[in-house]
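Thanks for coming, everyone. Let me put the structure up, and then we'll walk through a sheet, some helices and the disulfides.

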Amino acid sequence: MYRPAFAASLLSSALLLALPATAQQSPVGQNGDQPAAIEPGDVVVTATRRTERLADVPIAITAISGETLAATGAVDLRGIGQVAPSLLVSGATSEANFTARIRGIGTVGENPGLESSVGLFVDGVYRARSGVGLTELGEVDRVEVLRGPQGTLFGRNSTAGTISIVTRAPELGRADAHGSVSYGNYDYMRVDGAVNLPVGQTAALRVDGVWQQRDGFIRQLTPGEPDIQDRDRWLTRSQLAWAPSDALSLRIIGDYAERHENCCNGTLLGPVRNLTRTDPAGGSVAVGPNTLLPLLQALGANYQLPPEGERFGFTTSTSAGVPYRSDVRDWGVSGEVNWRFRAATLTSITAWRDYKNRMGQDNDFNRLDLLDRQDLDRRFRNFSQEVRLAGRAFDDRLDWLVGGYYGNEKLRVDDDQRYGQDYTRLANCIIATSFAASGAGQVSLASPTCSTAPASVFAGYDAVARQLGAAPLVGTGANDGNFTQVSRNWALFTHNTLAIVPDRVFATVGVRYTDEHKRVRADYRATNTLCPALLNSSLQSLAGLACVVNGAGIDIPQGTPGSTFDDGQWTGTAVLGFKPVERVLLYASASRGYKAGGFNLDFSGLDRPCFAGAGTPAQAAACATLLARPANTPGNGRAEVADLAYASEKVTAYELGAKWNGRGIDVNVAAFHQVFSGYQLNTYNGTSFEVANIQSCRDSLNRADTDASATTGACAPDRLRPGVLSTGVELESMIRPARDVAVNLGLTYAHTRYRRDLVGTGGRPLSPVLFQLPDQNLSNAPELVTTAGIGWTPAIGTRGLSGLVYFDVRAQSDTNTGSDLDLEKVQDAFAVVNGRLGLYGADKSWGVELWAQNLLDQRYFQLASDIPAQGSGTFRAVQAAASSGFSGTANQLFIAFPGEPRTYGVTLRGRF
């Protein structure tokens, strides 16, 4: 639990959020008139597609200036969360899969078929997924984090919120060049710079460049293999701005970025233990030494145990020749035109993006060669066109906006996960261990079958493969199996504000219609023939270990029935605002948001087929029951494209807010209640990812959603209700207590939880993997987050020198980091402190800075997961009564993906 005294001590001892998010000059190509009566320290935003003071916008927004981002050391999307309490960015196996969450709501990024609940826009252009934003950002003008569903202001809709990043635009009539060089621990090196050149009086060019390298902070003990979680990336961005008149402006942006990194690895998470149910009625659990780890170590896994008193370490030993490579190429071109004529302004944003990620991974996370990926590829190609027309009418009492959006995305995913050279040996040993427990022989590492039992009891997986006419497991698996998905969406939207009583009472109404179309095709290309052979034999009990890499999938040719998704939805927002005095804004809002459904792009999501008459009489009877279900029905014992489909996610949100723009202090408060229907959950089940729409049943399921059965606990479609609720309050304050001093404070309390009586997509029974979800908080959704900071920029002496003293802190409560909510995956409350000290010459012509991130070297993990094919069970399953159907023992091994340790260094800056 979160300790209030801990949070209070952090806030009171540090004073601690950011340098002032000051009013920014409207860059060339940005729409909107300057608001009236801007005062020093006012925050200016363009979230409503108009340039307004933050204090006048009836939306919950966190506005972060480029200066604040530079001071806290944020160079990509991850760093923004340090100064935005309602935002959390985290991830695991690859930075391409990182997820952004707002108010505890986000989409787990490991499956590229799922779009993000949090929309990401860079210079008005929608980015395909949150992880795409982890490329370098270059120099940023500001970031705006809009909380709650969006759709009537931005081209692409979102259910949880939107992150809008605005990079520094070219400046007319000014020649400028500046840059910096940084060096830090882990041999960190970063060089960045920008050149701005005027082209006559009406145009300007700007070129930005960034290069960064750093050694990995997870030490690799396998000879010849590099340390993990390193950095090797660069970005270049070129811009042309042209403003031939006050009525017309054009901004063209072209950018290209690459990453060639060894990321991301998890390390063994403690406690490493066995669990045993001691009372059939449940509630009592005995803890003992883990029995699987000694076997793995004897086979050569070389797991590195966590240091004494810690849950994880920063050392690992993985398979030779299987790096955690992450190669990214990301480029795009966009053009924004703003044309002001009479009482309206026309804005057009046209963009093309091409993002490709190639990923390798040692999937077993130890030195044994069990499971590996050499080449998991993902490529997004996106075209988007947004058009908006905005203006004023009725003596400026009506502020209106209408717009349209078109997006086209082509996504290709291919995978090559395979069984390694040591997999069969481990599988034999796991079976031998179970036989030994029943008195059939002893475990013997010297035996090819890992057992002293005769071959008539168990001859080993290779012998079974020969017996069934199938290929041995080693080297088989996914052989460049791939999905291709094409999606097209268009939308019409309007957002209008009417001053009912000028300068006092106003109402806003926004409406959007979205039309979605997706189609998918797939080439299976698997070589694991032992899995289907076992499923169609009397040896089905051996299929679990042989089907870890799915060997029972299907091709999905173009035009296959069920391979298209079509949906159309109306969404919108309504806001009533009241300004009792000039400096106070009160508002209430209701909104409806939407995120499209689609397809789970993972062959493991297909139903595992069963074969009539195969297996034991009980297995054959269970199979007959499944096969009796209609075709194209998930759970019917047949692999069909319907198994991969999931429905759209919808949200209804209510918000009450107040904003006070005082002299030297701003305070923004928002209370919210959000109800999510069809929440799209992507969960790792120990071998693959499952996708489900989480709903709740209006009728009691008598706890059938918490048992081990995949067939009990269904709900009639007409009895479904939303399954996820998010309720809370947010507070942000910006204080300017003295000249050159700015103090910001932020607090978010968000109770984001699942309801009881949960079911899956369409009212189907909840997967047993998700039995811990009912009445629990969502994963990576801390109830309490506090941020605080101080920035002091004093003048020094009389020769134009100036200084910088900056510190910030983010503290959050306990968080379960696993989407299945295993208790073993809880990260305790922790805080991260960043700091920067600087000295600058006159007009900041030069500067030197000392900086540190995670200054106190806080040890924490971002996410925890089951290690594939290495154990089973979890504490709550063992704690449950035997009648639940869960095994009474557990020996599952877990990994943690660590957050970055303390980093520090020096930066030299120059301007010419």
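In what order do the 3 strands of the open sheet come, and is the pairing parallel or antiparallel? The order is β16-β48-β46, and the pairing is antiparallel. Keep in mind that this is a predicted model. The edge strands are β16, residues 267-269, and β46, residues 861-866. Each of these pairs on one side only. From one strand to the next, the twist averages 40°.

For a landmark, find A864: it stands opposite A896 in β48. As a reminder, strands of a sheet pair through backbone hydrogen bonds.

Now the helices. Take α4, residues 292-299, and α5, residues 423-437. Their axes come within 11 Å and cross at roughly 145°. The crossing is right-handed. On the α4 side, the contact is made by L295, L296 and L299. On the α5 side, R425, L426, C429 and T433 make it. By class, that contact has 5 nonpolar, 1 polar and 1 charged residues.

Next is α6, residues 461-468. Which of its residues are buried? They are Y461, A463, V464 and A465. The cover over these buried residues includes α5, α7 and α8. After α6 comes G469, with a positive phi near 70°.

On to the cysteines. How many disulfides does the count come to? It comes to 5. Counting bonded cysteines along the chain, the pattern is 1-2, 3-4, 5-6, 7-8, 9-10. I'll show three of them.

One joins C263 and C264, with the sulfur atoms 2.0 Å apart. The torsion about this S-S bond is about 75°, so the disulfide is right-handed. Both cysteines, C263 and C264, are buried.

Another brings us back to α5. C429, which is part of the contact with α4, forms a disulfide with C450. Those sulfur atoms are 2.0 Å apart. The link is right-handed, with 95° about the S-S bond. C429 sits in α5, while C450 is in the loop between α5 and α6, 21 residues apart. Both C429 and C450 are buried.

The last one for today joins C697 to C715, at 2.1 Å from S to S. It is right-handed, with 75° about the S-S bond. C697 lies in strand β34 and C715 in the loop between β34 and β35, so the pair ties together parts 18 residues apart in sequence. C697 and C715 are both buried.

That's my tour. Over to you.

Notes: Residues numbered from 1 in each chain as written. Predicted model: local features only at pLDDT ≥ 70, side-chain atom pairs only at ≥ 80, totals over all residues. Heavy atoms only, no water. Axes fitted to C-alpha atoms, helices over the stretch in contact; angles between N-to-C directions. Helix = DSSP H or I, 4+ residues; strand = E, 2+ residues; numbered from the N terminus. Left-handed = near helix turned anticlockwise from the far one by under 90°. Contact = heavy atoms within 4.5 Å. Nonpolar A, V, L, I, M, F, W, Y, C, P; charged D, E, K, R; others polar. Buried < 20%, exposed > 50% of the residue type's maximum accessible area, 1.4 Å probe, protein only. Pairing = 2+ DSSP bridges. Disulfide = S-S within 2.5 Å.
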